[in-house]
Amino acid sequence: MVAIAENVQHRLTIQTVEIAPNTTAIRSLDWDRDRFDIEFGLQNGTTYNSYLIRGEQTVLIDTSHQKFRQLYLDTLKSLINPKIIDYIIVSHTEPDHSGLVEDVLQLAPRATVLASKIALQFLESLVHDPFSKRIVKSGDRINIGKGHEIEFVSAPNLHWPDTIFSYDRKTETLFTCDAFGMHFCDNRTFDEDLEAIEADFRFYYDCLMGPNARSLLNAMKRMSELGKINMIANGHGPILYHHLEILTECYQVWSQRQAKTETTVGLFYVSEYGYGQQIATAIAEGIQKTGVGVEVIDISTAELQEIQELAGRAKGVVIGMPPSTDITAQAGISSLLSVVKNKQLIGLFESYGGDDEPIDTLRRKFIDLGVKEAFSAIRIKETPSENTFHHCQEAGIDLGQLVMRDCGESSTKGNRNIKQIKSLDVNMEKALGRISNGLYIVTTQKGNIKSAMLASWVAQASFQPLGFTIAVAKDRAIDSLMQVGDCFVLNVLEEGNYQELKKHFLKRLHPGTDRFAGVKFQTAKNGSPILTDALAYMECEVEKSMECSDHCILYCSVQEGRVSKADALTAVRHRKVGNYY
């Protein structure tokens, strides 16, 4: 039976479904959410999944986002009397899953919270009143009667350091929170339509799970020791049942491929301190855009051997400054210094936690070891904004591109390596190069973030409505500002009068530098910059996106436009070969 509660004004609904004997899913459907984890663009909304298991005792697994507070609590009370809840399992403490733990505890004062050690430490600062709690780790079990025995599996760094999985032996259901999820909002409870969800499933993996492929493989190894898994009850999107084997195999293959990547950056920070989690996520997303792998470690909880192993083999190292009072984290930093090599790249950032270890002292130690700085240290002196996180993503892109260059590899916009050159037919690449294109500058602004890029792969695609396609390389920082529904301006450059603009927008700038400094522009109706010296401009909106190997093809509609010189011609880009810019 399916029941739905609704808040029409905010497009928030709740669905309750009996998914297994004595097991109810409480799915909070957030239909209109279009951003997640800073610049994680969503096209299909998301869900926050919570679960209720009723044996002789009652267990609640995770809660929901605070925006669902009244809807969720009313739904929970309609299903059971919260006072009878015996256990609340907190899979991890990210606010979209733990945001209502305190509220539920007020309704269920005798419940015991089961979570990892790190999660309970965080919850103690989040929940203002004392509460019953118990640390759980791999192999621990609780028996709640009627055959429901729940076993716990430690799964750190998926994608928070405090993650645990829970396995109900009676129903053979594994509750995984973020792992095996997707940001896909739909009334269908299960993964019955594979074609509809596969793109979101892969995008979610790439953004959240891929950076921790080794941790994921370790977790999947522990999963294989549990026995048969009939269903994966995740924290976001449809529950995996109909295509469980296919989708878990995808995780295995993708993670093995990612873990074998020779080109890896180690990202070290303290997840529970300041804005470390958000900043680290933004930098990691930038690095991944270039095709470089990222492995993330919380230096306040990891073993020194684990820190040294990653730092020793990584091509680059990024460190979020820990609190100066955290002795464990300081020991982790010291162990890092003992294994870094002078060919590695380094990047440092502050977490804005109020007690950051000074950057300059650590920076000088790395420089003295001959380590090269990939980007200027990110010094955060106020609460991070979207612009701050975009700056961090740009820094990650810079680091990733430098790593690829130093390794002699090719990023999506970099130089060709020897294998690529040998594998391409010379006549074919010359023939492809004869496809000529105009020269354009794409400009966009979202909130306080402005960005731009020089483009030439632009072609009209439709008459009704007027529309065109544009190819955007995946390692472009502007990519996060050109998701479906985003607006921008396409500025057309003028033949014989484009060199200055071209030179300016090709210039490599430090992350956070104002890309439009010294350039004359005015603001379009859609909020994006119109370049004064452009031949023409069009105000556009991204309608559809198609993922290719190293670019995304965007189909865009045109709302309005204007030409400044009726007789002037568009600047044209001619290439000799077609396999690089």
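Q: How many bridges join strand S24 to strand S25, and how do the two run?
A: There are 4 bridges between S24 (residues 458-462) and S25 (residues 467-473). The strands run antiparallel. Keep in mind that this is a predicted model.

Q: What do S24 and S25 form?
A: A hairpin, with 4 residues between the strands.

Q: Which residue in S25 is the bridge partner of Ala459?
A: Thr469 is the partner of Ala459.

Q: New topic. Where does Asn234 lie?
A: Asn234 is part of strand S15, which covers residues 231-234.

Q: Does Asn234 count as buried or exposed, and why?
A: Asn234 counts as buried, because its relative accessibility is 0%. The cut-off for buried is under 20%.

Q: Which residues is Asn234 in contact with, leaving aside neighbours within four places in sequence?
A: The list includes Asn49 and Tyr51. Thr176, Cys177, Ala179, Phe180 and Gly181 are also among them.

Q: Now Ile84. Where is that one?
A: Ile84 sits in a loop. Helix H1 (69-79) lies on one side of that loop and strand S8 (85-89) on the other.

Q: Is Ile84 buried, exposed or partly exposed, and why?
A: Ile84 is partly exposed, because its relative accessible area is 37%. Partly exposed covers values between the 20% limit for buried and the 50% limit for exposed.

Q: What does Ile84 touch, not counting residues up to four places away?
A: Ile84 touches Thr58 and Arg110.

Q: And how far is Ile84 from Leu107?
A: Their C-alpha atoms are separated by 9.5 Å. Along the chain, Ile84 and Leu107 are 23 residues apart.

Q: Let's zoom out. How many helices and strands are in the chain?
A: The chain has 15 helices and 31 strands.

Q: How compact is the chain, and why?
A: It is as compact as a globular protein of its length, because its radius of gyration is 25 Å, close to the 25 Å that the globule rule gives for 581 residues.

Q: What box do the C-alpha atoms fill?
A: Roughly 80 × 60 × 45 Å, taken along the principal axes.

Q: What share of the residues count as buried?
A: 55% of the 581 residues do.

Q: Last one: how many positive and negative side chains are there?
A: The chain has 61 positive and 74 negative side chains. The centres of the two sets lie 6 Å apart.

Terms used:
Residues numbered from 1 in each chain as written. Predicted model: local features only at pLDDT ≥ 70, side-chain atom pairs only at ≥ 80, totals over all residues. Heavy atoms only, no water. Rg over C-alpha atoms; globule rule 2.2 N^0.38 Å. Buried < 20%, exposed > 50% of the residue type's maximum accessible area, 1.4 Å probe, protein only. Lys, Arg positive; Asp, Glu negative; His and termini not counted. Charge placed at Lys NZ, Arg CZ, Asp CG, Glu CD. Contact = heavy atoms within 4.5 Å. Pairing = 2+ DSSP bridges.
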